[in-house]
Amino acid sequence: MGSDCLFCRIVAGEIPATVVRETETTLAFRDIDPKAPVHVLVIPKEHYADVATLAQGDPALAADVLATSAAVAEDEGLLGDGFRLMFNTGAYGGQEVFHVHAHLLGGAPLGPMLARNLA
């Protein structure tokens, strides 16, 4: 991806991030605007726009993102009480950065999945 992708620039080391785990294929770092006591973003180092594109294009890399997420959850002490793993995809899903990323949230009760009933 070009230099306009924020997360590609983090992977390249051009923008600093508080990295909590790095593998050959993934990077996990703290969100700069956390929504929970633990809020870590887990990304593939290779650029994919969203989780659907990643899952279709490289299922093994999608599995790496999940494995890294599980390892971070364990490192952060979240396995006992639980955590939430979210992928926002597209405009309706609230995606703001178009490089696939999992939000790993935990450390406190997170409440309902949606703030309001959409039905």
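Which residues have the most contacts inside the largest nonpolar core? They are Val40, Val42, Leu54 and Leu104.

## Basis

This is a predicted model: local features need pLDDT of at least 70, side-chain atom pairs count only at pLDDT 80 or more, and totals for chains, interfaces and linings use all residues. Residues are numbered from 1 along each chain as its sequence is written, and side-chain values use heavy atoms, without hydrogens and water.

## Nonpolar cores

The largest core has 15 residues. A nonpolar core is a set of buried Ala, Val, Leu, Ile, Met, Phe, Trp, Tyr and Cys residues joined through side-chain atoms within 4.5 Å. Buried means under 20% relative accessible area (1.4 Å probe, protein chains only).

Strand 3 (38–44), helix 3 (59–75) and strand 5 (102–106) each give two or more residues to this core. Helix 3 gives the most, with five residues. Helices (H or I, at least four residues) and strands (E, at least two) are DSSP runs, numbered from the N terminus. A second, separate core of eight residues includes Cys5, Phe7, Cys8 and Ile43.

## Strand 3

Seven of the seven residues of strand 3 are buried. Val38, Val40, Val42 and Pro44 lie on one side. His39, Leu41 and Ile43 lie on the other.

Strand 3 pairs with strand 2 (residues 26–30) in the antiparallel sense over five bridges; pairing takes at least two DSSP bridges between two strands. Arg30 stands opposite Val40. Strand 3 also pairs with strand 5, antiparallel over five bridges. Here Val42 stands opposite Ala102.

## Leu104

Beyond its neighbours within four places in sequence, Leu104 is in contact (heavy atoms within 4.5 Å) with residues including Val38, Val40, Val72, Phe83 and Leu85.

Notes: Buried means under 20% relative accessible area, exposed over 50%, partly exposed in between (1.4 Å probe, protein chains only).
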